[in-house]
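Dear colleague,

Please find below the structure I am handing over to you, together with its sequence. My notes on its aromatic rings follow.

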Amino acid sequence: MSTSEPSSGRKKKRRGGPRRKTGMVTHIFPINDAENHTCKTRHSRCDEKKPICGNCERLDLECKPSEFIARSKWTQNSTPPTQSKTVGEPHDTVGETLSEGPSSTWDIFRTQLPEPNLLEHDSPPNDFFASLSLSAPVPTGYKASNASEISLTPETAFLLQTYLRTVAQWQDLFDFDQTHQLSIPRLTISSPILFHGVCALSSKQLAFSHHGHQAHWHSVASHHYGQALQLLISSLGSSCYEHALTATIILLSFEMLASIGSDHRRHLLGAMMLIKSQGISAQSVGIDRANFWIYIRHEIGVALTNEKPLMLRPEEWNVQWVGSQQDRDCREDMVGNHVLWIVAKTIDLVFGKENNTEVGTQQRTAILRELEDWRAGLTDTFIGIPYGDQDEDGFQKTYFTVTVAAAAAFWYHVAHILLYAEPVLQHSSYDAEIQDHAMKVTNIALSEFPDALRVFASHGLFYAAKHIKGIARKARIWNILNDVETQLGYHTRSIVKRLQELLEEESGGT
């Protein structure tokens with residue numbers, strides 16, 4: 001989706017010298033790794049020498065890779081950046097006072113852990129959450145935010161409008177109530193924590209979707225992110241959780257936007273603590289229900305990336321699905337959430353302890369049957385209609401009348417691939433079916449659908465590309481993933497890098 005920006009009236013010149021890029025390059029296309037964290041924080045140009053860059057070697061410094069979210073004066077500063085005269089211009093940061101503060105939601109919630117190795121468990125113990133009374137301790141040197149009043153400027157107004165055109169639509173993919181497009185915007189003008197959270201998320205999306213041409217949005221995003229984190233501490237410290245979960249979900253989305261990897265499991269913990277302690281489930285209503293299902297989608301993405309079971313297990317969701325015939329009278333978004341529940345059970349099985357047992361085999365068969373029962377109850381709006389001719393790789397675009405139906409069909413096919421081929425191929429007789437499902441997954445991803453589907457589909461596309469045969473077909477999927485990041489600002493580099501590593505391993509073994 002193209003997003004217009006207010007014109008600054010002038011272009012900022014970049015210092016001379018070639019633009020440097022890190023990372024591995026394969027025969028398909030390059031993948032850029034994050035900058036060296038030590039050089040980045042010192043504002044020094046890195047020569048990217050491995051394993052120790054020239055700057056760190058010369059100055060005898062620890063050469064650190066970039067952190068998940070690098071600490072910066074923006075995340076620690078309670079004073080907003082100086083407002084530029086023209087919206088969109090870089091902020092002047094000279095002379096700002098730093099104060100100690102959290103660098104992520106993980107920093108805020110980790111003090112509540114009953115044991116340091118809690119995240120090593122597949123699912124944190126329920127008895128802990130049942131008696132949880134959240135309160136965020138004030139960090140040493142913490143400077144309280146003065147953002148009790150919301151300052152609506154041309155820049156923040158533009159960020160709120162950008163949120164409605166982009167990320168809010170992603171959040172509402174399985175929500176016909178359009179909570180993040182209708183309900184949340186009404187709250188942002190009276191809730192500082194939501195105001196700063198939304199501004200942080202939309203400015204981060206702007207920064208990543210413009211390939212560095214609007215790099216100043218990173219600073220704007222970090223400022224609002226830091227303000228929202230400080231306000232979250234105040235919210236938890238006062239035991240007033242009115243907007244705490246919504247803010248945590250928005251900040252979690254911010255943290256997922258730029259990268260997704262092994263560290264992200266811990267960043268889910270804060271939202272899960274609030275969900276469990278407040279008794280929020282699939283049966284909740286309104287904003288709580290919307291937040292619950294957004295959290296579930298984040299959980300599914302992180303679980304697939306790390307190939308681990310979900311921390312919030314499907315049996316804890318308190319779902320109440322009706323029979324297949326009655327499903328015909330349900331809204332499509334509810335039916336779509338039903339298949340996500342089946343996908344979650346699939347992930348827990350294939351990446352869990354029983355994946356290679358006799359019980360696990362029986363459970364695979366039961367889930368396959370459950371998928372077909374779900375499909376049998378679908379309405380005509382869930383039927384994809386192929387159109388156009390097949391291309392040179394055998395792909396053919398598919399039309400769905402409702403976007404959530406396309407997303408549901410996509411995950412229906414991904415679930416089959418997981419059950420047939422993960423963590424290892426279950427039987428050689430499944431090969432033809434795996435190829436069929438991988439082709440259908442790609443057909444959907446290649447079709448003309450809204451950005452919300454393209455973003456959430458990226459996690460499932462990894463498994464289609466992993467198992468589909470033919471380097472040309474794999475490259476097509478990798479290009480889809482690459483476009484998601486370059487056009488929408490949603491991180492997919494780590495997914496493609498995993499695929500490239502798998503390809504190199506296969507090539508080395510032949």
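The charged end of Arg297 is placed over the ring of Phe456, with 5.8 Å to the ring centre. Please bear in mind that the model is predicted.

Turning to contacts between rings, the count of aromatic pairs comes to 17. One of them joins Phe292 and Trp293 in an edge-to-face arrangement, with 5.3 Å from centre to centre and 85° between the planes. Phe292 and Trp293 are both buried.

Another pair is formed by Trp321 and Trp341, and it is tilted: the centres are 6.1 Å apart and the planes make an angle of 55°. This pair links distant parts of the chain, as the two residues are 20 residues apart. Trp321 belongs to the loop between helix H14 (286-306) and helix H15 (332-350), while Trp341 is part of helix H15 itself.

The two partners may also be described by their accessibility. Trp321 has a relative accessibility of 28% and therefore counts as partly exposed. Trp341, at 13% relative accessibility, counts as buried, because the limit for buried is under 20%.

Finally, the residues of both pairs belong to one cluster: ring pairs link Phe292, Trp293, Trp317, Trp321 and Trp341.

With kind regards

Notes:
Residues numbered from 1 in each chain as written. Predicted model: local features only at pLDDT ≥ 70, side-chain atom pairs only at ≥ 80, totals over all residues. Heavy atoms only, no water. Phe/Tyr/Trp six-rings, centres within 6.5 Å; stacked < 30°, edge-to-face > 60°. Buried < 20%, exposed > 50% of the residue type's maximum accessible area, 1.4 Å probe, protein only. Helix = DSSP H or I, 4+ residues; strand = E, 2+ residues; numbered from the N terminus. Lys NZ or Arg CZ within 6 Å of the ring centre and 35° of its normal.
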